[in-house]
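Below is a set of questions and answers for someone meeting this structure for the first time. Each answer works towards the value or name that was asked for.

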Amino acid sequence: MAKSKVFTTDLPAGDVSFNVIPLVDCAFLMILFFILTSQISSSSTSHLFLAKPTESQGIEAEKDKTSDKVIVNVISAEGDVEKTDPAKTGLAKEYQINGESIGLGDAQTLTKILKTRRAQSAAKGGTAAECRVVIRADWRVRYADIVPVLTAAADAGIQKMNISVLADK
Amino acid sequence: METPTTHNQPPAEPPKRKVKAKPPPRYTPNVVPLIDVLFMLLLFFLLSTHFRQQEGDIPGSLPATGAGIVAVDKTVMKDIYIRIHATGEDRMNVMYEINGMNVSISSAKELYEILKQRQQALGSTESPVLIEPVSDVRWKFVVEAYNQAVRAHFKNIGFVPSSS
């Protein structure tokens, strides 16, 4: 009977092993990819669901972290999962600036913080006119809860405003 | 003749074999814990990573005096009013009303077309566009109206305090 040419082995019977080096190489490469691409989230940008308009005119936000920008996050009371809640239709939960929470009716604190940030911007060498407020609101929040932010920013003397949206790729 | 006797002599030693020197012992590290830790790290990153959508900012301006929230230059008097009403279940739809028009618009595309026509008819991008949402309109529809006005190249866009 001819010797099989399909199944041949030079190993003695009972000695079976496999090479783990390529597996370890792949695992290291994947870890390297995740380490390089992950970023620690900033406290100034809270997790919320931004509006995505048709043919978005949003310009990619500048990468610099200067204090010229004051980001006001408007958090929805409809929760962290992106769905609407008929019981809380459009209600906002709170405002957040740099991780600090401000109650909905507390317009005075909001104005005070914006005035302080505007003064800090002027003190750092820029002009007061350089300071801008970025309104970063959940799409589900009703307009009536955004108005106090606009009013407080105008009262604080901030003239420039940005509205955060999801950009088209 | 006497034969020599050999039974008093000690037995001959067997010839010595040449023994190869054993190679020095090889110490290899156990890689199993390394692979375990590697998989734990990989699992952590796989579970904690989520890809963020790209954010952008639409620029605008606020009034310099701080009175109200309308920031438009009213020297050009032919302003465009966009009134937004919430409709539908959970206020998930809207109707846009533009002054001077008898029809209501429900889609962003139609809104853009009308704003573009108005801008071309006026021949100016400085005409003020005033957006007046009813207070319970969801923010995304207000942003949509603002976005379409920016897309139609209007430079003077403001918000009007809601009347209700």
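**Helices, cores and loops**

The model is a predicted one.

Q: Which residues of helix 3 of chain A make the contact with helix 2 of chain A?
A: Helix 2 of chain A passes helix 3 of chain A in a right-handed crossing. From helix 2 of chain A, the contact takes A:Leu110, A:Thr111, A:Leu114 and A:Lys115. From helix 3 of chain A, it takes A:Pro148, A:Val149, A:Ala152, A:Ala153 and A:Asp155.

Q: How do the residues of the contact of helix 2 of chain A with helix 3 of chain A divide by class?
A: A:Lys115 and A:Asp155 both take part in this contact, and Lys and Asp count as charged. The division is six nonpolar, one polar and two charged.

Q: Which strand of chain B do the buried residues of helix 3 of chain A pack against?
A: The buried residues of this helix, which spans residues 147–155, are A:Val147, A:Val149, A:Leu150, A:Ala152, A:Ala153 and A:Ala154. Within chain A they pack against strand 2, strand 3, helix 2, strand 5 and strand 6. In chain B they pack against strand 6 (156–159).

Q: In what order do the elements of chain A run from the N terminus on?
A: Chain A has three helices and six strands. Buried residues make up 39% of its 169 residues. From the N terminus on, the order is α-β-β-β-β-α-β-α-β.

Q: Which residues does A:Leu114 touch, not counting residues up to four places away in sequence?
A: A:Leu114 is among the residues with the most contacts inside the largest nonpolar core. Leaving out residues up to four places away, it touches A:Val70, A:Val72, A:Ile97, A:Val133, A:Ala152, A:Ala153, A:Ala156 and A:Ile158.

Q: How many nonpolar, polar and charged residues are in the contact of helix 1 of chain A with helix 1 of chain B?
A: Helix 1 (residues 21–37) of chain A and helix 1 (residues 32–48) of chain B pack at about 35°, with their axes 10 Å apart. The crossing is left-handed. Among the residues in contact are A:Val24 and A:Phe34 of chain A and B:Ile35 and B:Phe45 of chain B. By class there are 15 nonpolar, no polar and no charged residues.

Q: What is the handedness of the crossing of helix 2 of chain B and helix 3 of chain B?
A: Helix 2 (residues 108–122) of chain B packs on helix 3 of chain B at about 40°, with the axes 9 Å apart. That angle makes the two helices oblique. Their crossing is right-handed.

Q: What is the phi of B:Arg91, which is not a glycine?
A: Most residues other than glycine have a negative phi. B:Arg91 sits in the loop between strand 2 and strand 3 of chain B and counts as partly exposed at 31% relative accessibility. Its phi is positive, at about 55°.

Q: Where does B:His153 lie?
A: B:His153 has a positive phi of about 70° although it is not a glycine. With a relative accessible area of 47%, B:His153 is partly exposed. Its place is the loop between helix 3 and strand 6 of chain B.

Key
Residues numbered from 1 in each chain as written. Chains lettered and ligands numbered in written order. Predicted model: local features only at pLDDT ≥ 70, side-chain atom pairs only at ≥ 80, totals over all residues. Heavy atoms only, no water. Core = buried A, V, L, I, M, F, W, Y, C linked by side-chain atoms within 4.5 Å. Buried < 20%, exposed > 50% of the residue type's maximum accessible area, 1.4 Å probe, protein only. Contact = heavy atoms within 4.5 Å. Axes fitted to C-alpha atoms, helices over the stretch in contact; angles between N-to-C directions. Helix = DSSP H or I, 4+ residues; strand = E, 2+ residues; numbered from the N terminus. Parallel < 35°, antiparallel > 145°, perpendicular 65-115°, else oblique. Left-handed = near helix turned anticlockwise from the far one by under 90°.
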